[in-house]
Amino acid sequence: MSSAMSAAKATCDHMKDWFQGSENIVSMGVIAPEGTYGVDTELCCSYPIRCKGNFEYEIVTGLELNEFAKSKFDLSIKELKEEKEIAQI
């Protein structure tokens, strides 16, 4: 599958889960309440999400991150903060 088709399919799958609901945990970029996974509310970040249907979702909390995942998550947050600073210049 081409990279364009792959992205289009992923978008369709994402919208289907969001609309119809799913028991699967998916990744979704949202602005979460203060302190969710230690992220400030001014950042839109990808979180583990369970889609409830009708475009409602809940952030799945309490997941344990191993050291590798935690380091990648922290790196992503650092990059988001840097991009935010650049955008404000």
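Asn 54 lies in the loop between β2 and β3. The model described here is predicted, with a mean pLDDT of 90 for the chain. Its strands form an open sheet of three, in the order β1-β2-β3, and a nonpolar patch on the surface brings together Met 15, Phe 19 and Phe 55.

- Two residues separate the strands in the hairpin of β2 and β3.
- In this hairpin, Asn 54 adopts a positive phi near 55°.
- Asn 54 has 54% relative accessibility and therefore counts as exposed, since the cut-off for that class is over 50%.
- Asp 17 is 37 residues away from Asn 54 in sequence, yet the two C-alpha atoms are 9.4 Å apart in space.

- The edge strands are β1 (25-30) and β3, each of which pairs on one side only.
- From one strand to the next, the twist averages 55°.

**Strand pairs**
- Strand β2 covers residues 45-53 and is joined to β1 by six bridges, the two strands running antiparallel.
- Opposite Ser 27 stands Pro 48, a residue of β2.
- Four bridges connect β2 with β3, and this pair also runs antiparallel.
- Arg 50 has Glu 58 as its bridge partner, and Glu 58 is in β3.

**The nonpolar surface patch**
- Met 15, Phe 19 and Phe 55 together have about 290 Å² of accessible area in this patch.
- Phe 19 belongs to helix α1, which spans residues 3-20.
- Phe 19 has a relative accessibility of 47%, so Phe 19 counts as partly exposed; this class lies between the cut-offs of 20% for buried and 50% for exposed.

**Confidence of the prediction**
- A pLDDT of 70 or more is reached by 98% of the residues in the chain.
- Strand β3 (residues 56-59) has the highest mean pLDDT among the elements of the chain, at 94.
- The lowest mean pLDDT among these elements is 89, and it belongs to α1.

Definitions and conventions. Residues are numbered from 1 along each chain as its sequence is written. This is a predicted model: local features need pLDDT of at least 70, side-chain atom pairs count only at pLDDT 80 or more; totals for chains, interfaces and linings use all residues. Side-chain values use heavy atoms; hydrogens and water are left out. Patches are made of residues with over 30% relative accessible area and no salt bridge: like charges are joined within 9 Å, nonpolar side chains (Val, Leu, Ile, Met, Phe, Trp, Tyr) within 5 Å. Accessible areas come from the Shrake-Rupley method with a 1.4 Å probe; for residues, only the protein chains shown count as cover. A salt bridge is a side-chain nitrogen of Lys or Arg within 4 Å of a carboxyl oxygen of Asp or Glu. Buried means under 20% relative accessible area, exposed over 50%, partly exposed in between (1.4 Å probe, protein chains only). pLDDT is the predictor's confidence in each residue, from 0 to 100. Two strands pair if DSSP finds at least two bridges between them. Axes are lines fitted to C-alpha atoms, for helices over the stretch in contact, and angles run from 0 to 180 degrees between N-to-C directions.
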